[in-house]
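Please have the sequence and the 3D view open as you read.

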Amino acid sequence: MHGRVKLKSTAQQEEEKRKEREKKLKVYVATRDACFNKRKDGAMDDEALQLTQQLLSANPDFATLWNYRREILMYLETVKEEDEVQKQYDAELVFLEACLRVNPKSYGCWYHRGWVCGRQPRPNWVRELALCDECLALDDRNFHCWDYRRMVVKASGVPVEQELQFTDRLIGSNFSNYSSWHYRSTLLPLLHPQSPDPPANCPHPPNSSPPNSPHTHSHRVCEEQLLKEYELVQNAFFTDPNDQSAWFYYRWLLGRAEREEMISCVYMSREGERVVVAFSRPVNAQTVGLMLVLDGQLQRVEWRSAPPSVRHTPVWICELPPGTISDINNEHNLTVHWTEKHTQRECALYSSRPESWCRDSATDQELFRSELSVEKTSVLQSELTSCNQLMELEPENKWCLLTIVLLMRALDPLGYERQTLVHFEKLKEVDSMRTSYYSDLCSKFMIENTILKMEYAEVRVFSISEKNLTTLCHLDQLLLVTHMNLSSNQLSRIPPQFSMLQCLEVLEVKDNLIESLEGLSNLPKLEELCLNNNQISKISQLKPLASCSKLTRLDLRDNPITKMDNLQTELTDLLPSVTDLML
Amino acid sequence: MGTQVKDVVIKADAPNALLLDKHADYIAAYGSKKDDYEYTLSEYLRMSGIYWGLTVMDLMSQLHRMNRAEITEFIKSCQHECGGFSASIGHDPHLLYTLSAVQILSLYDDVSAIDVEKVVGYVKGLQQEDGSFAGDKWGEIDTRFSFCAVATLALLGKLDAVNVEKAVEFVLSCMNFDGGFGCRPGSESHAGQIYCCTGFLSITGRLHQVNADLLGWWLCERQLPSGGLNGRPEKLPDVCYSWWVLASLKIIGRIHWIDKAKLSSFILACQDEETGGFADRPGDMVDPFHTLFGVAGLSLLGDDEVKAVNPVFCMPEQVIQRIGLNPELLS
């Protein structure tokens, strides 16, 4: 089905081909029918093996025939001596090898071979490993063979160190070897694991094991080995800057483990008697044993998600029973228990304060940059220098450009902001097919920088204008923000995740391309919204605002909708609380 | 030294308009070639072949041209005692063809033609202790089969028949350093497997476990200068990846990271103006498999000459809605 070139031929050639195929077809059909008939009759004999062999040699994807062979082989196990069985399976392996030479990518062949080794009295794993070596020498990207190799390694206890050396050899002879780099990514954490840090407020080890993905601590590599690995990869992409495998692998090395699962912020508001809890990752609060204890008493509450009606989200909201915390003269102590993870967060609400919170700062958590030791800083700094040198030789190399950006972010996101923006513009130039990707990635980095600046300034104002923002993210970090300015960007929507901004009072998003306000529903503190110069064209696009009961000021000037008849009346109907309307 | 980028060159005279009528004629005639060598050799996947043909015809609003009665009878005669379906008569049952059978009957809204309880039992019986699914009683494990299992059950409204939590755990254990997924834990990322795993996570409501930014980057890097998509780094582009990669991107909310115009040109260039149908790349032989994925890819790109396709099930969106399914997609 793949890679069959359409060749033009004369009428005579066509006729000859047709006759030949007709002949082949007849033989094939006869053999196939003979096989099926024998199987129906329960035949487990040599002839059945012969016939299936004939067909499978031409068509190894004919899975049912492998099944039939397995039935026959299993039957023969019951009537032959162990030595004969061993020989029978050896013969099967010879047949399989012939099949694999012709069709090295047949699922059926590889599976059957593994099955045979599993049944054989004395499997020869050394020979199997050698077969893999041979096969990979011909095609080092054959994932069937790599998977088979992993099975052989596991079954015969080949040491991880040995396999690591195997990848060293392959990568040494041919850098462009994604499969080898991938294999390394699975071997290194086994040999040189990063020691996991227990979560900040977790006195006991978590009950359930962390999700088994390469982005958790258990799949990261200890620093000493990491620094050696940087060198190996550098060699690869300096030798051949167009070898994408090395650049992909390098990006993984520069990355970091996902955040531990924990409660990252608790917020309380007397108005609305609301409690908002933000987690470091999306969770399903309904199922994780989330409990509220106020002044020593367990509270009965119903959790709802932000955005509404989703099962997994980082932000959850509930209301305390009326009168619980409404009296501003009273002091309260709240503890949020995440019983499944044996962790909790406390928040004190003092008298004469209308609200309170407790959260981890993004700076403390080093959320947006690498965990940096002195050694690592110095290594990354010199890598950045080298990559900059490479860039002078290869100014159009997008891998190099992107890696420089990633290195700068790892070292000093704020310090390198200006250069980062310049590099993104260059990336969009040299790799224009992925312009959208670079715009979104740049947006993400600018948002991260704004969060850092906001934290340093210790304010609850988030402002990011004229940065060509095309997307919004990290909204779960903006739970406490009261004033937000997103003016003069390229945003086309306020996404559903925006409903996490439970403290938002003022939103300025003029001079964008907004045509969807999905995320602006149920924002309990939103009073002022400026949508000047956007793409709002229909009343239906404003519907989410009806659930923002405190919204009083709305600026809709320079939107297509202002051309609509009866707009004023329709808006008064939809948004009765809005008294200050600008059209 | 320097690696040449593996890619194809699209000729100036390559097709650049969608030849729907030719494709419909090609598919309609395909089934009648029962004495064709290639056709006979592919009997081992016939059920899937029928699903590919019918789905692309439905997307082109030409389903009525196929022989519904004959196909329904064929499907019935392929259900085995164990409940599973084989690719064709005389062949052995397998999850791959069980899914295809259920998909076809869903297109025709005729699921009651078969023993549903038995199918559910068959699928359930293939789940292993670690949550994975074997393809059949012989035990091959692959995340493709995890997808087949949950997609089959979802179409039948019986997803709760298996241990979803464990199934999810297994699929997540196949996630790699690059955010992608392979066949089994430790297997290299591959667009086909990524489609199966993101589709699986969509059906089971666990898409938040995907690193969408990282995986989205890996996926958009499948686009080559010709505009076509490959299945993993340093491979040639192939029209079927217009489906595996594009549908995955749609599921994780990053489809805008692909240059749509260039991809569209590539897909159109894979058409054969003479015979109708799509080939894997321009100038090669056509087949129903690539025809479906070429058309489905164009549908995902927004072509309004064909029906909207559901990125998780690769079936017309209206069929999925009629069944009452709403698999989650990241925004």
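This is a predicted model: local features need pLDDT of at least 70, side-chain atom pairs count only at pLDDT 80 or more; totals for chains, interfaces and linings use all residues.

**A helix in chain A**

Helix H2 of chain A covers residues 46–58. Its 13 residues should span 18 Å at 1.5 Å a residue, and the end C-alpha atoms are 19 Å apart, which agrees. Buried in H2(A) are A:Ala48, A:Leu49, A:Leu51, A:Thr52, A:Leu55 and A:Leu56. Viewed down the axis of H2(A), the buried residues fall within an arc of 165 degrees, so they line one face of the helix. Their packing partners are helix H1 (11–40), helix H3 (63–79) and helix H4 (82–102) of chain A. On the other side of H2(A), A:Asp46 and A:Gln50 are exposed.

The size of an interface is often given as the accessible area lost when the parts come together. The table collects values for this one.

| Feature of the chain B and chain A interface | Value |
|---|---|
| Area buried | about 6400 Å² |
| Share of that area from carbon and sulfur atoms | 54% |
| Residues from chain B in the contact | 74 residues |
| Residues from chain A in the contact | 68 residues |
| Salt bridges | 12 salt bridges |

B:Trp138, B:Phe177 and B:Trp217 supply 15% of the area that chain B buries against chain A, more than any other three residues. A:Arg141 and B:Glu188 form a salt bridge, with their closest N and O atoms 2.9 Å apart. Among the elements on the side of chain B that touches chain A, helix H10 (212–220) gives the most, with five residues.

Note on methods:
Residues are numbered from 1 along each chain as its sequence is written. Chains are lettered from A and ligands numbered from 1 in the order in which they are written. Side-chain values use heavy atoms; hydrogens and water are left out. Helices (H or I, at least four residues) and strands (E, at least two) are DSSP runs, numbered from the N terminus. The expected span of a helix is 1.5 Å times one less than its number of residues. Buried means under 20% relative accessible area, exposed over 50%, partly exposed in between (1.4 Å probe, protein chains only). The arc is that of the directions from the helix axis to the C-beta atoms. Contact means heavy atoms within 4.5 Å. Buried area is the accessible area (1.4 Å probe) that two parts lose on being put together, summed over both. A salt bridge is a side-chain nitrogen of Lys or Arg within 4 Å of a carboxyl oxygen of Asp or Glu.
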